[in-house]
Amino acid sequence: MFNKAPKFSTEHLGKTNRIVEGTIITGDITSLADFRLDGELIGNFTSKGKIVIGPASKVKGDIICQNADIEGEFTGKIKVAELLNVKATAKITGEVTIGKLSVEPGADFSATCIMATDFKTEINDGQGTKK
């Protein structure tokens, strides 16, 4: 009778998905857990957790996540609800919307940047409901 949206559970905390170097993915990725990408992604990425883009990684597409560490190359739009860490080896081109930003000296940060705290990371859980 009353349909409440399921709350984000803690079952995904502490779990990390990983794509290793040499792997190329063309398409979109949705993850409830944290994610480490050391390969290449041509597509969009959405997560309730954290994404780490390793030093050998290349991403072309849009990212929506809670937190992000970027060490590799990113081209596109990224929305990070909390903290974006840009490491010295990173190369970012595109549009960045974040809650907080940390950029190490040496990083190539050629992007427009908007600091906003009024958006949330909503993703589809594969069953038609957003979390």
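Two strands pair if DSSP finds at least two bridges between them. Helices (H or I, at least four residues) and strands (E, at least two) are themselves DSSP runs, numbered from the N terminus. The model is predicted, so local features need pLDDT of at least 70 and side-chain atom pairs count only at pLDDT 80 or more, while totals for chains, interfaces and linings use all residues. Residues are numbered from 1 along each chain as its sequence is written, and side-chain values use heavy atoms, with hydrogens and water left out.

**Exercise 1. Find the partners of strand 11.**

Task: Work out which strands pair with strand 11, and in which sense.

Solution: 
- Step 1. Begin with strand 8 (residues 58-60), which runs parallel to strand 11 and is joined to it by 3 bridges. Here Lys 58 stands opposite Glu 73 of strand 11.
- Step 2. Move on to strand 9 (residues 63-65): 3 bridges join it to strand 11, again parallel. Ile 64 faces Lys 79 in this pairing.
- Step 3. Strand 10 also runs parallel to strand 11, with 3 bridges. Look for Ala 68, whose bridge partner in strand 11 is Leu 84.
- Step 4. Finish with strand 12, which pairs with strand 11 in the parallel sense over 12 bridges. Leu 83 sits opposite Lys 100 of strand 12.

**Exercise 2. Describe the chain as a whole.**

Task: How many helices and strands does the protein chain have, and what share of its residues is buried?

Solution: 
- Step 1. The count gives 0 helices and 13 strands. Along the sequence, the pattern reads β-β-β-β-β-β-β-β-β-β-β-β-β.
- Step 2. Buried means under 20% relative accessible area, exposed over 50%, and partly exposed in between (1.4 Å probe, protein chains only). By that rule, 38% of the 131 residues count as buried.
- Step 3. Now the surface, using the Shrake-Rupley method with a 1.4 Å probe, where for residues only the protein chains shown count as cover. The chain exposes about 7,600 Å², and carbon and sulfur atoms supply 50% of that area.
- Step 4. A contact means heavy atoms within 4.5 Å. Among contacts with a separation of 6 or more, residues 24 or more positions apart account for 10%.

**Exercise 3. Trace the salt-bridge network.**

Task: Which residues are linked with Asp 38 in a network of salt bridges?

Solution: 
- Step 1. A salt bridge is a side-chain nitrogen of Lys or Arg within 4 Å of a carboxyl oxygen of Asp or Glu. The structure holds 5 of them.
- Step 2. Asp 38 bridges to Arg 18, with the closest N and O atoms 2.9 Å apart. Asp 38 lies in the loop between strand 4 (34-37) and strand 5 (40-42) and Arg 18 in strand 1 (residues 16-19), so this pair ties together parts 20 residues apart in sequence.
- Step 3. Compare their accessibility: Asp 38 is buried at 8%, whereas Arg 18 is exposed at 55%.
- Step 4. Asp 38 also forms a salt bridge with Arg 36, the closest N and O atoms being 2.9 Å apart. Arg 36 counts as partly exposed, at 24% relative accessibility.
- Step 5. Arg 36 meets Glu 71 in a salt bridge at 4.0 Å, N to O. This pair links distant parts of the chain, 35 residues apart: Arg 36 is in strand 4, and Glu 71 is in the loop between strand 10 (67-70) and strand 11 (73-86).
- Step 6. Put together, the network links Arg 18, Arg 36, Asp 38 and Glu 71.
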